[in-house]
Amino acid sequence: MDEKPTQLPFSVAMNASEQPRKFRIFEAGALRFGVSERDISTVAEWRKPTPLPQAPESVLGVVSLEGRMLTVIDLALLAGSPAPSDGYRHILALRGDEQLAIAVTSGGATVEFVDLDFSAATEDDEKFVLGRVQHEGAEIITLNPAELFFCAFRGRERRRRRF
């Protein structure tokens, strides 16, 4: 039986290398996910976001961090997992025009992965999933922050920060 080769994530398939990339590992409810260090602006203590009217359930609201207004996403709900019963502890602010942040329960350890460690996102994955990697016996979902805004708002228009 011929086995179909695993397709690597788009950034990996173009130039697979053995150069390690640094990811910060966090938890959101039952999910473990990794964000490239270059995509993280800051990690702050939890503060309750101000709700946005008519926002999707996965959008918790907005907070002000370091002089920026950020929209806080509940990644657990966005991925179809239940929100944590004991609440969130930190806010992970992302870089980029979308001015997004992610509510996280714990984590923050930095881990290095090489491109060949990754398995590609599947057809069932949301677009914000870049790929998956095994670490210490658990699966870590690596995020594609460029797609997070679209997935959270499902095409709803929102202002982007422009310079």
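1. Arg 32 is partly exposed, at 22% relative accessibility; buried here means under 20% relative accessible area, exposed over 50%, and partly exposed in between, with a 1.4 Å probe and protein chains only. Its side chain meets that of Glu 27 in a salt bridge, 3.9 Å from N to O. A salt bridge is taken as a side-chain nitrogen of Lys or Arg within 4 Å of a carboxyl oxygen of Asp or Glu. Glu 27 is likewise partly exposed, at 30%.

2. A note on the model. The structure is predicted, so local features need pLDDT of at least 70 and side-chain atom pairs count only at pLDDT 80 or more, while totals for chains, interfaces and linings use all residues. Residues are numbered from 1 along each chain as its sequence is written, and side-chain values use heavy atoms, with hydrogens and water left out.

3. Searching the whole structure gives three salt bridges. Besides the Arg 32 pair, Arg 89 and Asp 86 are joined at 3.5 Å, N to O. Arg 89 is partly exposed, with a relative accessible area of 41%, whereas Asp 86 is exposed, at 52%.

4. The remaining bridge links Glu 139 and Arg 132 at 2.9 Å, N to O. Arg 132 is buried, with a relative accessible area of 17%, and Glu 139 is partly exposed, at 39%.

5. The largest nonpolar core has 35 residues, and Phe 33, Leu 75, Leu 92 and Ile 102 touch the most other members. Such a core is a set of buried Ala, Val, Leu, Ile, Met, Phe, Trp, Tyr and Cys residues joined through side-chain atoms within 4.5 Å. A second, separate core of six residues includes Phe 23, Val 111, Val 133 and Ile 140.

6. Leaving out residues up to four places away in sequence, Phe 33 has contacts (heavy atoms within 4.5 Å) that include Leu 75, Leu 92 and Ile 102. Arg 24, Glu 27 and Ile 140 are also among the residues that Phe 33 touches.

7. Glu 66 has a positive phi, near 50°, and is found in the loop between β4 (59-65) and β5 (68-73). Strands are DSSP runs of E, at least two residues, numbered from the N terminus. Glu 66 is exposed, at 60% relative accessibility.

8. Gln 99 also has a positive phi, of about 55°. Gln 99 is found in the loop between β6 (90-94) and β7 (100-104), and is buried, with a relative accessible area of 15%.

How values were computed:
Helices (H or I, at least four residues) and strands (E, at least two) are DSSP runs, numbered from the N terminus.
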